[in-house]
Structures are given as C-alpha cells and as structure tokens.
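Please take the structure below as the starting point for a short report. The text that follows is meant for someone who has not seen it before.

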Amino acid sequence: MARLRRRRRGRGRVYVLLGLLVVVPSVFYYFYTEIRPTVIFGLRDDYAHAIPFQDVPAGLDSLSAESCGQCHQAIYEEWKTSIHAHAYRDPFFQAYWKKDGYVWVCLNCHTPLENQQPTLIKEIPNNRVERAVEVENPRYDMAYQEEGVTCAACHVRDGKILGPFDDSAAPHPTEYDPAFRTTAICYRCHNVVSGPFQFYNVGPCGTYAEYEGEFFMKEQGFTCQHCHMPEISRPVAEGGPIRQGRRHLWRGGHDPEMIKRAVAIQVRADPPNPKRGEPVTMTLTLINAGAGHKIPTGDPDRHFTVEFYVKDRTGRILEQQTDTMGRWIFWQPVILEVYDNRLLPLASRDYEFSYELPEAGSDLVLEARVQYHILTDGQHTMLRETYGLRSDDPYRYTIYTRQFPLNDKLATALSTERPVEARLGCPAQENGVHPESPGPVRGHHDLLTIG
Ligand code: HEC
Ligand code: HEC
Ligand code: HEC
Ligand code: HEC
Ligand code: HEC
C-alpha cells in the first residue's frame, strides 16, 4: 500500500514537471507575443494612423515645403533649420529606427502624412504593431518623406490650408482653425502614451502631460508656441500686409542655447569665507527657470549631469563627483520607471560637494560643470557599433562650467557669481533675434524645492 502511494506520488511529480515544461515557456511566449508591446510606447487612436492622404489644394502646384516657400519664404527658411524638417533624416532617429526593425508606426509622427509613407496599414490585430497588415502605398512619394514633419502635416486638410487667421486673402483656399493658437496643435505627436505593461510615470515622450496644468499654462496662459515659436511681426506671404505671426523654429534639446535658457544656476560656499585647513561645502543650485515642462523632457534618454572636479595646476583630477538628473527606467522584462528626479517648472535642486581646503596656500581649483545629454554614452556606443550611427552630431554638451580657487580667494571668486534670476518667459532665439519677453516673474511665486 505504502509502496503504491509512493509510486503514484513519483508519477505525480513527473506530471507536474512535464506540465511546467509546457506552461512556463507558453507563459513567456504569450507574454512576449500577446502582452508586452514590441515598441516602447502604446498606441492611441490618432497616431496609430497616418494623417490621411492630402491632395494639393486648388491654386497650388505642389505640397512640398519648398513650393510653399515661394511665397512664405521666411517661414520656409526657418522650418528648414528646425528638427521637424529633419525628423526623418535625423541620424539618431535613423539609428533607433533601424534598431526597431524599421517598424511602420514611427513614421506616423516622424513622416506623418500618408503621402510620405511607403505602406498603408489596413488593420492592426489586437493593437499589436508587429502584426499590422501592410500593403504597398501606390501614392508614396519618397522625396516627400525626406521632409519629415512638413508644412502640410500641420496645415493641409481636405484641400484647404488651415491657419490662425480668419481674414487672409490667399491664392489657395484657407480656413481658420483655432487649434493653431492652442497646445492642441502639438498634442498628437508630443504626448506619446504608455502601452500595456509599460509602467512609466508619464509616457516616454510625454512633454504635453508634463506641462498640462503647470505654472506656465495656469498662471501665465502660455502655450508651447510661446517658447518654441517666438512671436514676430512681418508679412505672412511675400508682399502681403504685416501681421503678428510666429517663427517656425522649434528649438529644443539639440540647441545648447535653448537648454541654457531653461536653467538658472548658482554656486555658493559654506562657510562663505573658509580658512585654510577648514572643510568647505560647495552647493550648486539648478533651477528650471525657463521651460514650461519638466527638464529634461521628451525622449527618456535625455538627462543632465552635475559634475565637480578638484584639479591641480596641471589639470590632473584629484577628486570628482557626478550626479545625474533624469529618469531611471528598467526596460526588461517589463518597462518600469523606478525613479524620476527631473525638475518641474520653477523647481530647483541643490547639489553638494565637500572638500577640505589645503593647509598651505594652494593652487587647486574646484571646477563645477553642468552637461546636457541627448543620449547616454552607452546608448551612443551601441548605436554607433551596432546600428550604423555615423553622425558626428554632438550628443552631449556643456551648458555651464566655472572654476573656483580652493584657497583664500574663494569668497572673492564666488562674489562674482551672478545671482539666480528666474528668466521666465519666451526664450530668445538664435540669429540674435530676441523677441519680446514678458520679463521675469516677480514675487508671487516662490521657487519650489524638491528632492
Ligand atoms: C503663390 C503664393 C503662395 C503659395 C505657393 C502658398 N501660399 Fe500660403 N498664403 C499666400 C498668401 C498671399 C496668403 C495670405 C497672406 C495674408 O493674408 O496676410 C497665404 C496664407 C497662408 C496661411 C494663413 C492662412 C490663414 O488664414 O490663417 C497659411 C497657413 C499658409 N498660407 C500656408 C501655406 C502652405 C502650407 C503652402 C504650401 C502647401 C502655401 N501656403 C503656399 C500665398 C501662398
Ligand atoms: C506631426 C507630428 C508633430 C507635431 C504636430 C509637432 N511635432 Fe514637434 N516633433 C515631432 C518629432 C517627430 C520630433 C523629433 C524629431 C527628431 O528629433 O527626430 C519633434 C521635435 C520637437 C522639438 C524638439 C527639438 C529638439 O531639439 O529636440 C520641439 C521643441 C518641438 N518638436 C516642438 C513642437 C511644438 C511646439 C509643436 C506644436 C506647435 C509641435 N512640436 C508639433 C513631431 C511633431
Ligand atoms: C508642427 C506644426 C507646423 C508646421 C510643420 C508648420 N507650421 Fe506653420 N504654423 C503653425 C502654427 C502653430 C502657426 C500659428 C502661429 C501663430 O499663432 O501665429 C503657424 C502659422 C503659419 C502661418 C501664418 C503666419 C504666422 O506666422 O502665424 C503660415 C503662413 C505658415 N504657418 C506656413 C507654414 C509653412 C510654409 C510651413 C512649412 C515650411 C509651415 N507653416 C510648417 C504650425 C506649423
Ligand atoms: C516657458 C517656455 C516653454 C514652454 C511653455 C514650453 N517649452 Fe518646451 N522647452 C523649453 C525650453 C527652454 C526647452 C529646452 C530645455 C530642454 O530641452 O529640456 C524646451 C525643450 C522642449 C523639447 C525638447 C526636449 C529635448 O531634449 O529634445 C520639446 C520636445 C518641447 N520642449 C516641447 C514642448 C511642448 C510640446 C510644449 C507645450 C505642451 C512646450 N514644450 C512648452 C521651453 C518651453
Ligand atoms: C506619437 C508620435 C511619435 C511616434 C509614434 C514616434 N516618435 Fe520618435 N519622437 C517623437 C517626438 C515628439 C520626439 C521629440 C521628443 C524630444 O525631442 O524629446 C521624438 C524623438 C525621437 C528620437 C530622438 C531624436 C533625437 O534627435 O534625439 C528618436 C531616436 C525617436 N524619436 C525614434 C523613434 C522610433 C524608433 C519610433 C518608433 C519605434 C518613434 N520614434 C515613434 C514622436 C514620436
């Protein structure tokens, strides 16, 4: 009897083991093919599809940006320098797109018009990007794809040119669309959402969500255009009346000057006038003084580093410290955002570094440096080595650097540090054109401190 039971139990174990051998791989298979999305974001109805095919409006002979530029020359010249115009050719996009197997969905924002896409998507079973039913697009225009986020992506619908005015006299049909003066025009592409089993705080490129309801919107009534498309008075079309319009520049993370406008930095010492042999704590305060959303925003690779170096006369580094501001995300097996220490608008954070001043008169210096990174060094190496990134475009740059003597002269050096001044408002833009800024915000809104 006892022996029989034992044999049965033995057989039971074999069944359990066999069962596990079948179930475990099936669960994994099911998880990776049915649950976990193959791209790092979820689909939303609008950007799950291309902007439908657009015909050339009456009175025009082409949809190309260059042809719009015949009459809207200034706008065309600005757009050409913008990252929107390069959203397809952008070497960072091309490398990541290659990594993602050239999956179609990326094109819905980077080359958003059906006219610009080689395939048409007929169906997306279970919202699974990799199972989409693709057919060839007979009206695909390869040259037009190169234009990335082109004029028509925002302005052309159903044979009409949509715009911010209700009284223009144009050689093409026009229609007033109030969305041009609100953030709605940016929403579709700048609010990328999370998919199933993707636990982000906000979606991977969720600038819109990091902005909505924050200070600039609520109290200043700002839109994205206030900072990214500075106001200007000029003729809208060659020879037309002067109107209040906006420059089509969209500067952001690729422009060091724009980054500098987002941050205010102050350095101080404690004690303020340290003696030889005394420990001194240097504090660098970083403030999000000029962006209407978190800094850094958008692409989850973006981050700041705050670095301190003690160097001798020959530049040799004796001691160093690096702190990072950004998002910490596990990408496997599920996407899990564990930590986000980015700065909300008007928030600030202190970074501290302590050092003992040498006894003898020294020529050591403390170098404080803040860098902005478009990619991590690891991602950059991976993209270069595996995905053909060949661009020499900088992927990180210094936005602040200063040296302070670690001796009796420290206090004097610090006294020339400019005090922090919240430079809120429209960041001035390149080419020396400084559009009117609403000026610094005074009084009523104290700087928030987090972390
Ligand atoms: C042959 C010249 C010409 C061409 C080509 C042209 N436009 Fe225009 N467009 C005009 C003129 C003139 C106006 C009206 C200017 C005014 O009233 O101040 C205008 C007005 C506009 C407006 C403002 C509409 C509103 O009511 O708010 C937009 C937007 C616009 N054009 C976009 C485009 C785009 C995009 C293209 C290319 C697909 C294009 N235009 C091609 C001449 C042209
Ligand atoms: C059709 C989609 C689309 C719309 C609409 C759109 N964008 Fe973008 N935008 C993009 C894409 C794609 C990129 C990234 C391109 C790249 O880096 O390859 C981008 C990049 C940017 C950048 C970053 C530049 C940088 O240096 O990294 C800014 C700023 C920006 N957009 C502002 C705006 C604003 C403001 C609006 C609304 C007026 C807007 N965008 C509307 C697709 C769009
Ligand atoms: C990412 C979306 C986007 C793209 C791409 C875009 N525009 Fe605009 N455009 C806007 C917005 C937003 C405004 C409204 C600015 C304002 O409030 O005056 C505007 C305004 C205009 C106006 C009216 C004049 C003005 O300054 O307000 C013209 C003309 C125009 N755009 C032409 C173009 C042309 C030509 C291109 C391509 C070379 C282009 N746009 C690309 C978003 C876009
Ligand atoms: C008060 C000014 C202000 C407002 C309002 C604002 N931005 Fe920005 N934005 C900035 C500054 C300054 C930067 C540069 C700092 C950075 O990249 O982190 C920036 C950066 C960006 C970037 C580039 C991120 C990167 O590193 O590539 C994007 C994308 C962007 N903004 C989109 C938007 C959108 C979309 C809105 C509206 C929902 C908006 N911004 C509203 C000032 C503003
Ligand atoms: C819903 C719109 C949307 C979709 C879909 C989308 N992107 Fe983007 N992408 C953006 C926007 C907006 C930015 C700019 C954000 C920023 O600069 O912070 C961007 C920026 C990027 C950048 C950074 C470029 C640079 O110069 O630093 C890369 C790389 C990129 N996207 C790759 C992809 C790939 C690969 C896919 C498909 C798997 C994809 N994107 C799908 C909207 C989109």
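## Basis and overview

This is a predicted model, in which local features need pLDDT of at least 70 and side-chain atom pairs count only at pLDDT 80 or more, while totals for chains, interfaces and linings use all residues. Residues are numbered from 1 along each chain as its sequence is written, and chains are lettered from A and ligands numbered from 1 in the order in which they are written.

The protein chain holds 13 helices and 18 strands, where helices (H or I, at least four residues) and strands (E, at least two) are DSSP runs numbered from the N terminus. Of its 451 residues, 31% count as buried; a residue is buried if 20 or more other C-beta atoms lie within 10 Å of its own, exposed if 12 or fewer, and partly exposed in between, with C-beta atoms placed from the backbone. Among contacts between residues at least 6 apart in sequence, 65% join residues at least 24 apart, a contact being a pair whose C-beta atoms, placed from the backbone, lie within 7 Å.

## Nonpolar cores

A nonpolar core is a set of buried Ala, Val, Leu, Ile, Met, Phe, Trp, Tyr and Cys residues joined through C-beta atoms within 7 Å. The largest one has 29 residues, of which Val263, Leu284 and Leu286 touch the most other members. Two or more residues come from each of helix H11 (256-262) and strands S9 (263-270), S10 (279-288), S11 (303-311), S15 (347-356) and S16 (365-373), and S10 gives the most, with five.

Leaving aside neighbours within four places in sequence, the contacts of Leu286 include Val263, Ile265, Val306 and Val370. A second, separate core has 28 residues, among them Ile75, Ala85, Ile185 and Cys186.

Three strands form an open sheet with mixed pairing, in the order S3-S4-S5; strands pair if DSSP finds at least two bridges between them. Strands S3 (156-157) and S5 (174-176) are the edges, each pairing on one side only. S3 and strand S4 (residues 160-163) run antiparallel and are joined by two bridges, and Val156 has Ile161 in S4 as its bridge partner.

## Ligand shells

A residue is counted around a ligand if its C-beta atom, placed from the backbone, lies within 6 Å of it. Ligand 1 has 27 such residues, with Cys68, Cys71, Gly163, Ser168 and Ala170 nearest; helix H2, helix H7, S4 and S5 each give two or more, and the largest share, three residues, comes from H7. Around ligand 3 there are 23 residues, the closest being Cys68, Trp79, Cys151, Cys154 and Gly245, and H7 (151-155) is one of the elements giving two or more; H7 gives the most here, with four residues.

Ligand 4 is surrounded by 29 residues, of which Cys224, Cys227, Gly252, Gly253 and Gly292 are closest. Its shell divides into 14 nonpolar, 12 polar and three charged residues, where Ala, Val, Leu, Ile, Met, Phe, Trp, Tyr, Cys and Pro count as nonpolar, Asp, Glu, Lys and Arg as charged, and the others, Gly among them, as polar. Ligand 4 lies between domain 1 (65-182 + 223-246) and domain 2 (256-421 + 445-449), because both give residues to its shell; the domain bounds come from an automatic or database domain assignment.

## A hardly covered helix

Helix H12 (residues 377-386) is hardly covered, with one buried residue among its 10. Gly388, which follows H12, has a positive phi, near 70 degrees.

Note on methods. Two residues are in contact if their C-beta atoms, placed from the backbone, lie within 7 Å.
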